[in-house]
Amino acid sequence: MDPLLHRNETASVVAVGAVRFGDGSYPVIAGPCSIESESQLAAAATIVAGAGASMLRGGAYKPRTSPYSFQGLGREGLRLLHAAGRATGLPTVAEVMEPREVEIAAAHLDMLQVGSRNMQNVALLRALGETGKPVLLKRGFAATIEEWLLAAEYILDAGNSQVVLCERGIRTFETQTRNTLDISAVPVAKALGSLPVIVDPSHAAGRRDLITPLALAGRAVGADGMMVEVHPNPESALSDGPQQLDGRQFASLMDILDIHSRREEIDRIDHRIVHLLARRLEMSIKIGRAKTARGLPLRSPAREEMILDAIEDEAARAGLDPRVVRDMYESILTESRRAQHRSTLTAVQGGIGG
Ligand code: PEP
Ligand code: MN
């Protein structure tokens with residue numbers, strides 16, 4: 001039996017307020033590792049909203065490796081995150097660690113996060129399945145992709161289809177980075193599970209200098225968004241200081257991601273333009289053949305002039321320089337005439353030879 005009973009035929013899209021995971025957009029969830037105080041969170045929220053983040057994150061319950069490290073502000077943290085989300089208009093996400101905290105967290109947040117250390121906390125997964133709130137399920141740092149997808153099944157099977165997966169790095173023998181971002185897990189988990197998958201380069205790398213290259217790597221392998229830690233003053237952070245970006249660094253990351261998405265869009269447009277040109281040429285060739293068959297002249301200057309006039313008008317309406325577009329079209333028409341000649345010539349030669 002297929003253990004992934006809740007796999008969809010089509011990839012799912014998860015909505016968190018106006019944000020969409022899995023629809024081809026690339027939402028960026030940003031905010032501090034821990035919510036430390038009202039002023040720290042407000043400053044972080046202003047930074048991330050100003051630089052174009054889609055969602056605000058912040059840890060209220062911190063699953064620290066040591067019980068003596070800062071454990072988070074708990075419910076007070078949830079309250080602060082809710083207020084900061086309202087103030088900036090950004091949907092919020094924070095980790096919840098225990099089933100008994102799910103209800104209160106769901107009342108304060110737009111999305112609930114399962115941390116790496118809790119990926120197989122079955123009671124928590126079931127409780128999250130019952131809320132109906134979107135869930136961000138982080139991959140356990142020692143979990144296989146299959147175990148991760150099966151953890152998601154607990155939530156889906158309890159009736160909640162709003163699950164986003166987050167690859168946050170796994171433990172390997174490498175010590176230069178905190179974890180190893182498993183880039184191949186993104187397309188593999190997407191293909192196997194049909195759920196959106198985002199990347200968290202912050203917890204993967206543990207070092208801020210690697211955030212941008214890993215964020216770009218995530219984009220390149222088809223991630224549906226990313227999570228990144230941002231602190232107004234990382235040097236004073238109560239947790240994960242070395243991996244958090246400050247405001248300037250986050251803004252520059254967002255600029256780089258923006259340039260990449262625009263380039264991708266340009267590549268898609270160019271691809272379409274080339275294919276449309278090929279179709280246009282195909283039509284001209286067919287017309288050329290029909291004219292030759294009827295003994296009509298190939299060239300009709302009146303028709304060409306009409307096309308160029310119409311194109312100039314259309315270009316002006318679209319906000320383009322009509323002269324420039326006309327020049328481009330003259331090249332297109334020249335190539336059409338050449339292709340018509342070539343094609344009728346080969347047809348005639350074919351006829352003579354045959
Ligand atoms: C976090 O995102 O706050 C966090 C603790 O991450 P992870 O569970 O991936 O370690
Ligand atoms: Mn952290």
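In which sense do strand 6 and strand 7 pair, and over how many bridges? Strand 6 (residues 111-114) and strand 7 pair in the parallel sense, over 3 bridges. Two strands count as paired if DSSP finds at least two bridges between them. Helices (H or I, at least four residues) and strands (E, at least two) are DSSP runs, numbered from the N terminus.

This is a predicted model, in which local features need pLDDT of at least 70 and side-chain atom pairs count only at pLDDT 80 or more, while totals for chains, interfaces and linings use all residues. Residues are numbered from 1 along each chain as its sequence is written, chains are lettered from A and ligands numbered from 1 in the order in which they are written, and side-chain values use heavy atoms, with hydrogens and water left out.

Stay with strand 7. Val114 stands opposite Leu137 in strand 7. The chain gets from strand 6 to strand 7 through helix 4 (residues 122-131), and this β-α-β crossover is right-handed. Right-handed means that, with the strands pointing away from the viewer, the path from the first strand over the helix to the second runs clockwise. Strand 7 also runs parallel to strand 8 (residues 163-167), joined to it by 4 bridges. There, Val163 of strand 8 is the bridge partner of Val135. The chain crosses from strand 7 to strand 8 through helix 5 (residues 145-157), in another β-α-β crossover that is right-handed.

Strand 7 (residues 135-138) is covered on both faces. Val135 and Leu137 are buried on one side, Leu136 and Lys138 on the other. Buried means under 20% relative accessible area, exposed over 50%, and partly exposed in between (1.4 Å probe, protein chains only).

Now turn to helix 1. Its 13 residues should span 18 Å at 1.5 Å a residue, and its end C-alpha atoms are 18 Å apart, which agrees. The expected span is 1.5 Å times one less than the number of residues. Gln40, Leu41, Ala44, Ala45 and Val48 of helix 1 are buried. They cover an arc of only 130° around the axis, so they sit on the same side of helix 1. The arc is taken from the directions from the helix axis to the C-beta atoms. Glu38, Ser39, Thr46 and Gly50 are exposed on the other side. The cover over the buried residues includes strand 3, strand 4 (55-57), helix 2 (75-88) and helix 9 (247-293). Just after helix 1, Gly52 takes a positive phi of about 100°.

Helix 8 (residues 211-220) comes next. Its buried residues are Ile211, Ala215, Gly218 and Arg219. They lie on the same side of helix 8, because they cover an arc of only 100° around the axis. Leaving aside neighbours within four places in sequence, Ile183 is in contact with Ala217, Gly218 and Val221. Contact means heavy atoms within 4.5 Å. Ile183 is partly exposed, at 23% relative accessible area.

Cys33 (SG), His203 (NE2), Glu229 (OE) and Asp240 (OD) coordinate the manganese ion (ligand 2) at 2.0 to 2.3 Å. Cys33 lies in the loop between strand 3 (28-31) and helix 1 (38-50), and His203 in helix 7 (residues 201-205), so the pair ties together parts that are 170 residues apart in sequence. Donors are N, O and S atoms within 2.8 Å of the metal (3.2 Å for Na, K and Ca); water is not among the atoms, so sites may look incomplete. Cys33 is buried at 1% relative accessibility, and His203 is buried at 9%.
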